[in-house]
Amino acid sequence: MSTTRFLTGITTSGTPHLGNYVGSIRPSVRASQTPGVESFYFLADYHALIKIDEPARIQRSTLEIAASWLAAGLNPEQVTFYRQSDVPEIPELTWFLTCVTGKGVLNRAHAYKASVDKNSAAGMDPDADVTAGLFMYPVLMGADILMFNAHKVPVGRDQIQHIEMARDMAASFNHRYGEHFVPPQAEIEEAVATLPGLDGRKMSKSYDNTIPLFSSREQLKKLIAGIKTDSRAPGEPKDTEGSALFQIYQAFASEEETTALRQSFADGIAWGDAKAVLFERIDREIAPMRAAYEDYMAHPEKVEALLLVGAQKARAIATPFMTQLRSAVGLRGLGSAVQAKAEKTSKGALAAFKQYREKDGLFYFKLVDTAGAMLLQSKGFASPKVAGQAIGQLQQDGAAAIATLQAQLEVLDSSALDRAVQALAALAEATDSK
Ligand code: TRP
């Protein structure tokens, strides 16, 4: 497999704003145009049910987000573009993952913890007004990702924890039922990870400080005029640090443009003029997409047709994969007793070496324990044969080989190293007693 699969979803709980555009829509469209990338982008409407109980609003938001993505240049022929709730395999997988996820892990999820902390601070029952849906949110998200074995998940910083949880779910499932999932990785675009809103806090529906991605020129200008600034007068030098206006500009401008505005700040540009610069820069990027957006909004049936094709593409993967997973956990027809017997004898699993090839063309291996945790990780080898020889040496000489192969191995912390030594000893013992 040489292509990298990117996957991301947007919750259909509101009208897309500049923060969604910069943090998710724009980078995902760009990524989808990169050669060697296979993209899965979806409207996370099951997720929306966690927050929204207004059916019309969910439907409206689904259309707005789909139209925004398409207007921003997403090509549905290149991308698997679908609505989450058109893929019933996702909630089914959610249940499988629920059964391999520690409740304690979910207790620590940020969104849930934030609610609990807020309740506790107010002297209320910690779980007051917390639905099980909010609690389970990371598992649904894990199913979104693992359903398509995505390698990279472009998300904002606040979502990193969820990707880590998805990795853990993949490892726990693989440990119990064999290798079915690849561990996903979060992909953060450093410069744009969080866009400030009108009041300087993170741009977010929950702070009511957003600038909608698609508004008329006049509305956009008006909203930008409302960005919070300090009270420095024209002619006084301004700070770029901590300036929401400057940060938003940076997310749209080239390096040269940013440098120029930084100079203007130092030279004491009036806030009103800085806002005009920001407005023109944003509008220059958004204006060409406006007509397409308006057209999709006026013709929801066009969007619907595209989503249905996307659902077919998604299910062409999800349906057979789910069949495989159902069989793996033992939800299968009663005709096949053979497989059950084979599984019985393979119990008492040990750490294992995994060989793989990376995009750099080199050959790697790692030693992972039964829970999927990494014990050893090699550097790149020019050929699979040389990598194989190193594995042979480790199997034969155990700890001693770790020392001789030092230059070919990544440095891990001492606890992983300890466990690697033990695992190699156990492997050697198992081989001897065969
Ligand atoms: N939880 C994400 C958000 O609110 C949206 C989302 C749902 C998502 N499922 C996902 C993002 C899977 C990436 C991958 O921003």
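Mentor: Buried residues make up 45% of the 434 residues in the protein chain, and, since you are new to this structure, please keep in mind from the start that the model is predicted.

Trainee: How many helices and strands does the protein chain contain, and what box do its C-alpha atoms fill?

Mentor: The protein chain holds 17 helices and eight strands, and its C-alpha atoms, taken along the principal axes, fill a box of roughly 80 × 50 × 50 Å. The accessible surface of the chain comes to about 22,000 Å², with 54% of it belonging to carbon and sulfur atoms. If you look at contacts between residues at least 6 apart in sequence, 70% of them join residues at least 24 apart.

Trainee: Let us turn to the ligand. How many residues surround the ligand, and which are the closest?

Mentor: The ligand is surrounded by 14 residues, and the closest are Gly9, Thr11, His47, Tyr137 and Asp144. By kind, the shell divides into eight nonpolar residues, five polar ones and one charged. Strand E1 (4–11), strand E2 (37–44) and helix H7 (132–147) each supply at least two residues of that shell.

Trainee: Which side chains have an N or O atom at a listed distance from a nitrogen atom of the ligand?

Mentor: Here one reads the distance between atom pairs: a nitrogen atom of the ligand is 2.6 Å from an N or O atom in the side chain of Tyr137, and a nitrogen atom of the ligand is 2.7 Å from an N or O atom in the side chain of Asp144. For Thr11, an oxygen atom of the ligand is 3.2 Å from an N or O atom in the side chain. Taken alone the ligand exposes 360 Å², and the protein buries 87% of that.

Trainee: Is Glu257 buried or exposed?

Mentor: Glu257 counts as buried because its relative accessibility is 18%, which falls under the 20% cut-off. Glu257 lies in helix H11 (residues 255–266), and its side chain makes a polar contact with the side chain of Arg281 at 3.1 Å. Leaving aside residues up to four places away in sequence, Glu257 touches Tyr249, Arg281 and Arg284.

Trainee: What is the phi of Asp208, and is Asp208 buried or exposed?

Mentor: The phi of Asp208 is near 55°, again a positive value in a residue other than glycine, and Asp208 lies in the loop between strand E5 (185–187) and helix H9 (217–225). Asp208 counts as exposed because its relative accessibility is 69%, which is over the 50% cut-off.

Notes: Residues numbered from 1 in each chain as written. Heavy atoms only, no water. Near = heavy atom within 4 Å. Polar contact = N/O pair within 3.5 Å; in protein donor to acceptor, adjacent residues only side chain to side chain. Areas by Shrake-Rupley, 256 points an atom, 1.4 Å probe, with all protein chains shown as cover. Helix = DSSP H or I, 4+ residues; strand = E, 2+ residues; numbered from the N terminus. Nonpolar A, V, L, I, M, F, W, Y, C, P; charged D, E, K, R; others polar. Buried < 20%, exposed > 50% of the residue type's maximum accessible area, 1.4 Å probe, protein only. Contact = heavy atoms within 4.5 Å.
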